[in-house]
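Hi there,

Here is the structure I promised to pass on. My notes on it follow below, and I hope they are handy when you open the file.

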Amino acid sequence: MTLSNTCKAAIKAVIYLASKHHDNVKSTIKEIAIEIKENEHTVGKLLQSLVRQGVINSNKGPSGGFYLTDDQFNQPISAIIFAIDGKNVFNKCGLGLEKCNEEHPCPLHFEFKRGRDIIEKLYRKKLVSELCASVNNGEAFLAY
């Protein structure tokens with residue numbers, strides 16, 4: 001199971017917004033793109049998608065920007081993944097087959113499913129606020 005590059009950028013963007021949450025700071029597309037080292041156009045599109053899906057919020061105007069509410073700050077990482085890559089991301093075949101399942105498995109099905117289920121559980125359990133904390137205290141980074 002692999003996340004799309006857009007999804008990975010979205011996760012980094014949301015964690016970056018979370019790092020500004022307690023200061024009530026709104027961030028611009030350009031600022032976010034610079035901080036997570038992603039293309040500004042890509043970041044703009046993914047942020048708009050996240051706003052439409054309710055994962056983040058935005059305000060327009062001179063004092064506008066992107067930000068998180070308290071509920072969004074405490075949402076699981078899976079909310080971002082589902083918004084960008086869709087709800088079926090954790091059901092895909094390890095070999096990319098369209099109709100891989102328990103009755104008609106690919107050669108990797110059962111082993112891949114175990115690993116995929118562990119990763120899904122991690123993303124459903126980990127909250128944006130938890131990942132933000134490790135960035136804020138310098139233990140983890142969003143860009144290299």
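What covers the buried residues of α3? The cover includes α1, α2, β2 and α5. Buried here stands for under 20% relative accessible area, with exposed over 50% and partly exposed in between, using a 1.4 Å probe and protein chains only. The buried residues of α3 are Val43, Gly44, Leu46, Leu47, Ser49 and Leu50.

Before the rest, a word on the model. It is a predicted one, in which local features need pLDDT of at least 70 and side-chain atom pairs count only at pLDDT 80 or more, while totals for chains, interfaces and linings use all residues. Residues are numbered from 1 along each chain as its sequence is written, and side-chain values use heavy atoms, leaving out hydrogens and water.

The overall picture

The protein has 7 helices and 2 strands, in the order α-α-α-β-β-α-α-α-α from the N terminus. Helices (H or I, at least four residues) and strands (E, at least two) are DSSP runs, numbered from the N terminus. The C-alpha trace spans about 55 × 30 × 30 Å along its principal axes. Of the 144 residues, 35% count as buried. Among contacts (heavy atoms within 4.5 Å) with a separation of 6 or more, 63% come from residues 24 or more positions apart.

Helix α1

Helix α1 covers residues 5–19, and its 15 residues reach 21 Å from first C-alpha to last, close to the 21 Å expected at 1.5 Å a residue. The expected span is 1.5 Å times one less than the number of residues. Because 11 of its 15 residues are buried, α1 is largely enclosed by the rest of the structure. Among those buried are Cys7, Ile11, Val14, Tyr16 and Leu17. Their cover includes α2, α3, β2 (65–67), α4 (70–73), α5 (77–85) and α7 (128–136).

Helices α2 and α3

Helix α2 (residues 29–36) packs against α3 (residues 40–52) at an angle of about 115°, with the axes 9 Å apart. Axes are lines fitted to C-alpha atoms, for helices over the stretch in contact, and angles run from 0 to 180 degrees between N-to-C directions. On the α2 side the contact is made by Ile29, Lys30, Ile32, Ala33 and Ile36, and on the α3 side by Glu40, Val43, Gly44 and Leu47.

At the start of α3, a side-chain oxygen of asparagine 39 comes to within 2.7 Å of the backbone nitrogen of histidine 41. Just after α3, glycine 54 has a positive phi of about 80°.

Serine 27

Serine 27 sits in the loop between α1 and α2. Its relative accessibility is 0%, so serine 27 counts as buried. Leaving aside residues up to four places away in sequence, serine 27 touches Tyr16, Leu17, Lys20, Ile32, Gly65 and Phe66. The C-alpha atoms of serine 27 and glycine 64 are separated by 7.9 Å, though the two are 37 residues apart along the chain.

Happy to talk any of this through once you have had a look.

Best wishes

Methods
A polar contact is a pair of N or O atoms within 3.5 Å; within protein, one must be able to donate a hydrogen and the other to accept it, and residues adjacent in sequence count only if both atoms are side-chain atoms.
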